[in-house]
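These are my notebook entries on a structure I have just opened. I wanted to look up its cores, its helices, its charged pairs and its backbone angles, and to write down each term as I came to it.

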Amino acid sequence: MPDNESLLRLLGCFLLGSIPFAILAMLGTGIDIRKVGSGNPGFNNVLRVNMSRAVLTLIGDLGKGFLAVWLFLRPEDPYYHGWLFGFVVIFGHCYSPFLKFRGGKGIATSAGVMLALFPKWAAAALVFFVAVRLWGSRRKWREAGMIASISTWLFFTILMALLVGGPDVRNAALMTTFLAWRHRQNFRNLFAG
């Protein structure tokens with residue numbers, strides 16, 4: 001049973017994750033990002049509208065994933081707390097109370113968590129993401145952002161299996177499954193042709 005202090009840290013992770021940087025980045029434009037493009041309040045949808053504001057969204061969303069783990073995880077915590085805080089900050093992003101529990105899909109925030117927990121393997125995964133994303137854009141793939149995002153988490157899970165092992169493989173696979181589920185509409189769009 002978690003103690004009160006651990007519950008407060010979990011709440012802190014959730015609230016930090018709930019900050020809707022895609023909405024904040026679009027302030028002053030008169031554009032509600034939830035009413036354009038895919039309607040998703042996240043980096044890829046902001047990118048459809050404005051590159052510089054998409055960069056701000058990416059920094060905010062990635063940063064809150066990193067910050068939640070860095071800020072709330074203590075050296076004396078049980079091993080699994082890092083992943084737990086990571087999942088909770090991502091849930092905050094995906095189910096933000098500030099957006100009536102309709103948040104983003106969690107990719108940038110999960111990348112921040114990945115960087116906080118496993119910086120070396122996360123750096124390799126981010127290089128993989130950029131390569132797949134650029135290749136997909138050049139080849140004009142449908143759902144290029146989703147393909148790059150989910151394939152990067154699959155790649156990261158394989159890295160965990162080959163190089164780290166233990167419960168990290170299970171947690172990475174669970175994260176990949178959750179993020180793929182969050183992108184289920186993108187998968188439908190892709191297979192609808």
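I take helices as DSSP runs of H or I with at least four residues, and strands as runs of E with at least two, numbered from the N terminus. The model is a predicted one, and I keep to its limits: local features need pLDDT of at least 70, side-chain atom pairs count only at pLDDT 80 or more, and totals for chains, interfaces and linings use all residues. Residues are numbered from 1 along each chain as its sequence is written, and side-chain values use heavy atoms, with hydrogens and water left out.

Entry on Asn-45.
I looked up Asn-45 and found it in helix α3, which covers residues 43-47. For burial I use relative accessible area, where buried means under 20%, exposed over 50% and partly exposed in between, with a 1.4 Å probe and protein chains only. Asn-45 counts as buried because its relative accessible area is 0%. I then listed its contacts, that is, heavy atoms within 4.5 Å. Leaving out residues up to four places away in sequence, Asn-45 touches Ile-33, Val-36, Gly-37, Ser-38, Gly-39 and Asn-40.

Entry on the cores.
By a nonpolar core I mean a set of buried Ala, Val, Leu, Ile, Met, Phe, Trp, Tyr and Cys residues joined through side-chain atoms within 4.5 Å. The largest such core has 29 residues, and those with the most contacts inside it are Cys-13, Trp-83, Ile-90, Trp-153, Phe-156, Met-175 and Leu-179. At least two residues of this core come from each of α1 (4-18), α4 (51-72), α5 (81-94), α6 (107-117), α7 (119-138), α8 (144-164) and α9 (167-182), and the largest share, 7 residues, is from α5. A second, separate core has 5 residues, among them Met-26, Ile-33, Val-46 and Ala-54. I also followed Met-175, which touches Trp-83, Phe-87, Ile-90, Ser-110 and Trp-153 when residues up to four places away in sequence are not counted.

Entry on salt bridges.
I count a salt bridge where a side-chain nitrogen of Lys or Arg lies within 4 Å of a carboxyl oxygen of Asp or Glu. My search of the whole structure gave 5 of them. Glu-5 pairs with Arg-74, the closest N and O atoms being 2.6 Å apart. Glu-5 lies in helix α1 and Arg-74 in the loop between α4 and α5, so this pair ties together parts that are 69 residues apart in sequence. Both partners are partly exposed, Glu-5 at 34% and Arg-74 at 33%. I noted too that Glu-5, Arg-9, Arg-74 and Asp-77 are linked in a network of salt bridges. Elsewhere, Arg-34 meets Asp-32 at 3.0 Å, N to O, with Arg-34 partly exposed at 37% and Asp-32 partly exposed at 24%. The pair Asp-61 and Lys-64 has its closest N and O atoms 3.4 Å apart. Both lie in helix α4, 3 residues apart, about one turn of the helix, and both Asp-61 and Lys-64 are buried.

Entry on the loop between α7 and α8.
Which residues have a positive phi without being glycine? Lys-140 does, with phi near 55°, and so does Glu-143, at about 55°. Lys-140 is placed in the loop between α7 and α8, and Glu-143 lies in the loop between α7 and α8 as well. I record Lys-140 as exposed because its relative accessibility is 71%. As background, most residues other than glycine have a negative phi.
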